[in-house]
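Have the structure open as we go.

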Amino acid sequence: MLPNLMQSLSSDVSMGMAQAAGAVILCLAVVLICRWFAVHVERETALSLLRGLVQMVFVGIVLALLLHRNALVGMLILLAMSFAAAVTASRRAQGLKDALLLCFYAIAAGAGVVIAGMLATGALKPDIAILVPVGSMIIANAMNACAQSIERFNADVTAHVGQIEAGLALGAEPAVTVAPYVQSAVYASLLPRLDMLKSLGLVWIPGVMAGMMVSGASPIYAGIYQFILVAMILAASGIAGLLVTVFIRKRAFSPAAQLTLRPGERHNPMVASGNTQ
Amino acid sequence: MSHSTPIKSAPVIECAEYAPEEADRRPTDWAAQAIAVETKNLSRAVVDKILVRDISVQVQKGEVLAVAGPSGAGKSSFLRLLNRLDEATGGTVLLNGEDYRAIAPRELRRRVGMVMQMAYLFPGTVAANIAFGPLQRHETMSQQAIEALLDRVALPGYHDRDVSTLSGGEAQRVSLARTLANSPEVLLLDEPTSALDEASARGIEELVLGIIRERQMTCVIVTHNMQQAARIADRTMYLEAGKLVAIVPTNGVSHAA
């Protein structure tokens with residue numbers, strides 16, 4: 001294992017670090033230009049660059065160590081990534097009970113269904129070197145879809161409290177009163193992924209395709225595979241966005257069908273628990 | 001149902017000169033009537049504030065009770081507890097003697113209808129708005145029933161009008177008709193005329209009074225306007241800092257104001 005790792009840390013790594021230094025210099029130049037326009041992002045950029053580099057080197061080392069391990073290890077890594085994604089997505093739902101758990105369920109379900117489907121059809125090989133990078137792309141997009149759904153749903157509901165309560169006051173089911181906001185939340189989460197699919201090949205040629213071509217795969221197959229991947233990202237995002245919206249829709253109302261997701265009242269434990277018999 | 005509909009603020013509603021006569025008033029011996037709504041030590045507190053504090057009051061069948069008081073006194077908070085749009089943190093409400101927590105919230109809200117300060121109409125036609133409540137119980141309102149309600153709120157021929165074309169006063173009439181379509185036993189009115197100009201406000205007021213008299217409805221109306229309370233209500237309860245400080249026959253409040 002160690003010799004393999006040392007092999008990975010050979011001349012390729014040195015060259016990669018030199019190239020990374022070039023990329024950092026270019027970013028720092030942009031930061032200086034920004035500073036000239038009184039846009040101060042020096043500290044944030046420096047931290048982000050450092051953090052990004054350390055994280056990617058760490059991931060590279062982990063992958064190098066686990067490269068020939070069982071696919072089950074890869075699954076566990078993806079599960080851990082799903083949890084980390086849920087932590088990030090749940091920050092958009094502060095104050096909502098069980099937000100972390102709900103986001104985890106949604107992301108794990110969205111990414112899990114898609115990865116399982118890809119493994120079953122052979123579109124994805126149970127090899128850690130492929131499974132983890134491809135899986136992480138799917139998880140990251142499911143996370144973004146989750147966060148976008150939550151943010152949109154929260155914004156729409158808190159902006160339409162009167163209309164929702166008018167529906168409740170007429171005896172409507174809570175789900176009926178927020179149906180338009182569920183639709184717009186799921187749509188908002190899918191829109192970037194739909195745009196990504198539409199612009200595929202025209203505006204951008206994604207990294208996986210480029211990587212496959214570099215490693216000698218047929219460009220046509222690489223293109224088709226990239227399409228499959230982006231389509232699967234769309235599917236995972238759709239599942240995650242829909243599930244998390246349905247989960248938080250339920251949490252937006254008390255058991256007595258009262259809207260609790262209202263500006264200033266979300267954190268009120270008395271409202272959430274109610275005075276039910 | 002979809003996103004909010006803007007409500008115009010310059011309504012023009014013509015209405016006849018309105019002056020309720022003394023003969024129009026009903027008996028004032030409310031203690032002798034059956035109790036429609038009773039609150040028992042009703043309270044609601046949020047994190048750092050008590051909105052409604054230990055209110056016990058009885059509203060008799062067919063009575064119109066005004067809830068008055070300064071801004072922030074808890075008038076609307078009290079009203080919202082009556083149809084359980086908000087949860088009481090203490091006490092309860094009895095509807096015809098039955099604890100309202102034993103009634104399913106959706107059925108409770110059908111029986112205790114509410115007209116809000118703003119109309120909050122759903123995008124679409126006037127007819128779709130009026131049919132909304134019964135549709136939630138899988139009941140389809142006939143065209144005739146919708147037209148009859150529109151006639152009653154003085155909006156004949158508005159059946160197919162898009163709600164975005166309505167004035168503020170017209171929207172509030174549709175909101176009233178929409179609530180009445182559920183055939184409620186009790187009508188809650190949360191300052192239904194406060195967002196309207198004087199002419200429209202008088203038109204709505206006259207309309208509401210006519211309907212509750214003709215249907216013998218029990219009504220609780222929140223108002224900051226003492227003259228309006230005097231014109232509409234049989235009794236007025238006065239709130240201050242969420243607490244009931246007085247409940248008197250309307251004439252008494254009228255003098256006090």
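Helices here are DSSP runs of H or I with at least four residues, numbered from the N terminus. With that settled, Leu149(B) is found in helix α4 of chain B, residues 143-152. One caution before the questions: this is a predicted model.

Q: Why is Leu149(B) called buried?
A: The cut-off is 20 or more other C-beta atoms within 10 Å. Leu149(B) has 22 such atoms, so the label buried applies.

Q: Which residues touch Leu149(B), leaving aside its neighbours within four places in sequence?
A: They are Ile130(B), Ala177(B), Leu180(B) and Ala181(B). To count as a contact, two C-beta atoms have to lie within 7 Å.

Q: What makes Arg44(B) buried or exposed?
A: Set its count against the cut-off of 20. Arg44(B) has 25 C-beta neighbours inside 10 Å, so it goes down as buried. This arginine is in strand β1 of chain B, residues 35-46.

Q: Which residues does Arg44(B) touch, not counting those up to four places away in sequence?
A: Leu51(B), Val52(B), Ser77(B), Leu81(B), Asp86(B), Ala88(B) and Thr89(B). There's also Gly90(B), 46 residues along the chain from Arg44(B), with the two C-alpha atoms separated by 6.4 Å.

Q: What is the phi of Arg84(B), and where does the residue sit?
A: Phi is near 60°, a positive value in a residue other than glycine. Arg84(B) lies in the loop between α1 (75-82) and β4 (90-95) of chain B. The residue has 24 other C-beta atoms within 10 Å, which means it is buried.

Q: Why is Ser183(B) called partly exposed?
A: Partly exposed is the band between the exposed limit of 12 or fewer and the buried limit of 20 or more. Ser183(B) has 13 other C-beta atoms within 10 Å, so it falls in that band. Its phi, near 50°, is positive too, and again the residue isn't glycine. You'll find Ser183(B) in the loop between α5 and β7 (186-190) of chain B.

Q: How do you know how α5(B) and α6(B) are oriented to each other?
A: Their axes cross at roughly 15° and come within 9 Å, taking α5 as residues 168-180 and α6 as residues 198-214 of chain B. Since angles under 35 degrees count as roughly parallel, α5(B) is therefore roughly parallel to α6(B). The crossing is right-handed.

Q: Which residues meet where α5(B) packs on α6(B)?
A: From α5(B) come Gly168(B), Gly169(B), Gln172(B), Arg173(B), Leu176(B) and Leu180(B), and from α6(B) come Ser200(B), Gly203(B), Ile204(B), Leu207(B), Val208(B) and Ile211(B). That contact divides into six nonpolar, five polar and one charged.

Q: What makes α4(A) and α6(A) roughly parallel?
A: The axes of α4 (residues 71-90) and α6 (residues 128-159) of chain A cross at roughly 20° and come within 9 Å. The limit is 35 degrees, so the pair is roughly parallel. Here too the crossing is right-handed. Residues that meet include Gly74(A), Ile77(A) and Met81(A) in α4(A), and Gly135(A), Ile139(A) and Met143(A) in α6(A). Sorted by type, the contact has 17 nonpolar, five polar and no charged residues.

Q: What is the secondary structure of each chain?
A: Chain A comes to twelve helices and zero strands, while chain B has eight helices and ten strands.

Q: How much of each chain counts as buried?
A: For chain A the share is 34% of 277 residues, and for chain B it is 49% of 257.

Q: How confident is the predictor about chain A?
A: The mean pLDDT is 85, and 91% of the residues reach 70 or more. Residues 266-277 are below 50, yet this stretch still has 29 contacts in the model beyond near neighbours in sequence.

How values were computed. Residues are numbered from 1 along each chain as its sequence is written. Chains are lettered from A and ligands numbered from 1 in the order in which they are written. This is a predicted model: local features need pLDDT of at least 70, side-chain atom pairs count only at pLDDT 80 or more; totals for chains, interfaces and linings use all residues. Axes are lines fitted to C-alpha atoms, for helices over the stretch in contact, and angles run from 0 to 180 degrees between N-to-C directions. Helices (H or I, at least four residues) and strands (E, at least two) are DSSP runs, numbered from the N terminus. Angles under 35 degrees count as roughly parallel, over 145 as roughly antiparallel, 65 to 115 as roughly perpendicular and the rest as oblique. A crossing is left-handed if the near helix is turned anticlockwise from the far one by less than a right angle, and right-handed if clockwise. Ala, Val, Leu, Ile, Met, Phe, Trp, Tyr, Cys and Pro count as nonpolar, Asp, Glu, Lys and Arg as charged, and the others, Gly among them, as polar. pLDDT is the predictor's confidence in each residue, from 0 to 100.
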